[in-house]
Amino acid sequence: MSDFRLVELDSDNLLGAIAIPPPVGEKAYVAPVVFSIAEAYVTPTAWPRVVLDGDEVVGFVMANWDPDNEIEEFRGGIWRLNVVEAAKGRGVGRFAVEQVREEARRRGYEKITVLWDPAEDGPERFYLRVGFEKTGELFGETVGTLKV
Ligand SMILES: CC(C)(COP(=O)(O)OP(=O)(O)OC[C@H]1O[C@@H](n2cnc3c(N)ncnc32)[C@H](O)[C@@H]1OP(=O)(O)O)[C@@H](O)C(=O)NCCC(=O)NCCS
């Protein structure tokens, strides 16, 4: 049985979060978590969170809440999402998306966005499966939008 919870980063879960693939230097469709945490440190609108299953780190998600951003696609949504290899396919990604959606609702957003690499083995099918619709392209990536 899964018991997913979304929590803030802290000294107990930091190393578990950084250990989620991809490692630094590996080519992947998402940045290493350590990069995301560094970006969050210098980006006041970033919203990094850890997904726990019981006490075990199973995922990392970072949203961005920046309603005045001049680029509409960057005003609110998912910036990064990484799931632990052994926990993939168990609903961690879907849970993280739903948590970001709930936070968006609390903040008064009507939709959230995400950008993904359109490659065949990228995360497109996941995002479509959890409800995002393709709404455009930006910087060579596909833009997905989900009503909240
Ligand atoms: C993409 C990713 C976040 C999905 O996380 P996950 O926890 O394995 O996904 P879930 O178990 O919540 O899956 C939700 C649904 O999407 C489907 N799905 C997930 N990955 C899929 C894939 N690669 N192809 C097709 N369907 C997929 C699942 O089957 C599930 O469908 P269901 O609800 O009908 O059973 C995870 O594989 C990952 O971390 N990938 C590497 C990093 C990445 O690409 N991040 C996103 C970049 S922004």
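A polar contact, in this talk, is a pair of N or O atoms within 3.5 Å. Keep that cut-off in mind. The model on the screen is a predicted one.

An oxygen atom of the ligand sits 3.3 Å from a polar backbone atom of Arg 90. Then comes Val 92. Its backbone N or O atom lies 3.5 Å from an oxygen atom of the ligand. How much of the ligand does the protein bury? Taken alone, the ligand exposes 920 Å², and the protein buries 71% of that.

Who else is around the ligand? There are 18 residues surrounding the ligand. The closest are Leu 81, Gly 91, Gly 93, Arg 94 and Arg 129.

Now stay with Arg 90, but move to its side chain. Which residue does the side chain of Arg 90 meet in a salt bridge? The partner is Asp 53, at 2.5 Å from N to O. Look at where the two sit. Arg 90 is in the loop between β4, residues 76-83, and α3, residues 92-106. Asp 53 is in strand β2, residues 46-53. So the pair ties together parts that are 37 residues apart in sequence.

Is each partner buried or exposed? Arg 90 has a relative accessible area of 38%, so it is partly exposed. Asp 53 is at 14% and is buried. Setting aside neighbours within four places in sequence, Asp 53 is in contact with Met 1, Ser 2, Asp 3, Phe 4, Val 58 and Arg 90.

Arg 107 and Glu 103 meet through their side chains, 2.7 Å from N to O. Arg 107 is partly exposed, at 41% relative accessibility. Glu 103 is buried, at 10%. Next, Glu 120 and Arg 125. Their closest N and O atoms are 3.5 Å apart. Both ends are out in the open by our cut-off, which is over 50% for exposed. Glu 120 has 64% relative accessible area, and Arg 125 has 58%. There is also a network. Salt bridges with shared partners join Glu 103, Arg 106 and Arg 107.

Take Leu 15 as an example. Leu 15 is found in α1. At 67% relative accessibility, Leu 15 counts as exposed.

Ile 20 lies in the loop between α1 and α2. Is Ile 20 buried or exposed? Its relative accessibility is 2%, so Ile 20 counts as buried. What does Ile 20 touch? Beyond residues up to four places away in sequence, the list is Val 33, Val 57, Gly 59, Phe 60, Asn 82, Val 83 and Val 84. One distance to note here: the C-alpha atoms of Ile 20 and Val 58 are separated by 8.0 Å. Those two residues are 38 apart along the chain.

Last topic: backbone geometry. Most residues other than glycine have a negative phi, and most peptide bonds are trans. This model has exceptions to show you. The peptide bond from Pro 21 to Pro 22 is cis, with omega near 5°. Pro 22 is in the loop between α1 and α2, and Ile 20 is in that loop as well.

The other case is Phe 139. Its phi is near 50°, a positive value in a residue that is not glycine. Where is Phe 139? Find the loop between β6, residues 133-138, and β7, residues 141-147. Phe 139 is exposed there, at 64% relative accessibility.

Technical notes: Residues are numbered from 1 along each chain as its sequence is written. This is a predicted model: local features need pLDDT of at least 70, side-chain atom pairs count only at pLDDT 80 or more; totals for chains, interfaces and linings use all residues. Side-chain values use heavy atoms; hydrogens and water are left out. Helices (H or I, at least four residues) and strands (E, at least two) are DSSP runs, numbered from the N terminus. Buried means under 20% relative accessible area, exposed over 50%, partly exposed in between (1.4 Å probe, protein chains only). A salt bridge is a side-chain nitrogen of Lys or Arg within 4 Å of a carboxyl oxygen of Asp or Glu. A residue is near a molecule or strand if one of its heavy atoms lies within 4 Å of it. A polar contact is a pair of N or O atoms within 3.5 Å; within protein, one must be able to donate a hydrogen and the other to accept it, and residues adjacent in sequence count only if both atoms are side-chain atoms. Accessible areas come from the Shrake-Rupley method with a 1.4 Å probe; for residues, only the protein chains shown count as cover. Contact means heavy atoms within 4.5 Å.
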